[in-house]
Amino acid sequence: MCEDKELKSVGLELMFMTPQKGSNDEWVTAVELAKMVELPLETVKKKLTILKEKEIVRVKGINPKYWKFDDFSFQRMDEDDEVYKLLCSFDDVDFDRFFNY
């Protein structure tokens, strides 16, 4: 897997989600997430599906679906997994985007 910047963007946004950002505690809809990462909704939905298949995001509801990063599952991922490596590669990450100091 090459560097998937869109997957990384969606994954990190969910990883650093705070109750203040999401509409429902730390859960967020795909539409809200697409606006946050400035990507097309269909792209975000595809990336969420990848993260869900890796079992590092949870989903609740049907219409709309709410998404949340699962820290517990992420910490138990195989360190050789490509998605794990991607989300742990912070060299090009601007953390000011996620935190207010």
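The entries below go from the overall layout to the sheet, then to the helices.

**Ground rules.** I'm working with a predicted model, so local features need pLDDT of at least 70 and side-chain atom pairs count only at pLDDT 80 or more, while totals for chains, interfaces and linings use all residues. Residues are numbered from 1 along each chain as its sequence is written, and side-chain values use heavy atoms, with hydrogens and water left out.

**Layout.** I took helices (H or I, at least four residues) and strands (E, at least two) as DSSP runs, numbered from the N terminus. That gave me five helices and three strands. Read from the N terminus, the order is α-β-α-α-β-β-α-α. I counted a residue as buried under 20% relative accessible area, exposed over 50% and partly exposed in between, using a 1.4 Å probe and protein chains only. By that cut-off, 41% of the 101 residues are buried. I also checked contacts, meaning heavy atoms within 4.5 Å. Among contacts with a separation of 6 or more, 56% join residues 24 or more positions apart.

**Sheet.** Which order do the three strands take in the sheet? I get β1-β3-β2, an open sheet with antiparallel pairing. The edge strands, β1 (28–29) and β2 (57–60), each pair on one side only. Two strands pair here if DSSP finds at least two bridges between them. β2 and β3 (residues 66–69) have four bridges, and β1 and β3 have two. I looked up the partners of Tyr66: Lys60 is bridged to Tyr66 in β3, and Thr29 stands opposite Tyr66 as well. β2 and β3 make a hairpin with five residues between them, and Gly61 in the turn has a positive phi of about 85°.

Buried or exposed, I wondered, for the side chains of β3? Tyr66 and Lys68 point one way, Trp67 and Phe69 point the other way, and all are buried.

**Helices on the sheet.** Helix α1 (residues 5–15) lies across β1, β2 and β3, at about 80° to β3. Helix α3 (residues 41–53) packs on the sheet too, where α3 touches β2 and β3 and makes about 110° with the direction of β2.

**α3 in detail.** α3 has 13 residues and spans 18 Å from first C-alpha to last, close to the expected 18 Å; the expected span is 1.5 Å times one less than the number of residues. Its buried residues are Thr43, Val44, Lys47, Leu48 and Leu51. The buried set packs against α1, α2 (30–37), β2, β3 and α5 (82–87). Glu55 follows α3 and has a positive phi, near 65°.

**α1 against α3.** The two axes are 9 Å apart at an angle of about 70°. α1 and α3 are therefore roughly perpendicular, given that 65 to 115 degrees counts as roughly perpendicular, under 35 as roughly parallel, over 145 as roughly antiparallel and the rest as oblique. Glu6, Leu7, Val10, Gly11 and Leu14 of α1 meet Thr43, Val44, Lys47, Leu48, Ile50 and Leu51 of α3.

**α2.** The buried residues I list for α2 are Ala30, Leu33, Ala34 and Val37. They cover an arc of only 105° around the axis, so they sit on the same side of α2. Their cover includes α1, β1, α3 and β3. Glu38 comes after α2, with a positive phi near 55°.

Key. Axes are lines fitted to C-alpha atoms, for helices over the stretch in contact, and angles run from 0 to 180 degrees between N-to-C directions. The arc is that of the directions from the helix axis to the C-beta atoms.
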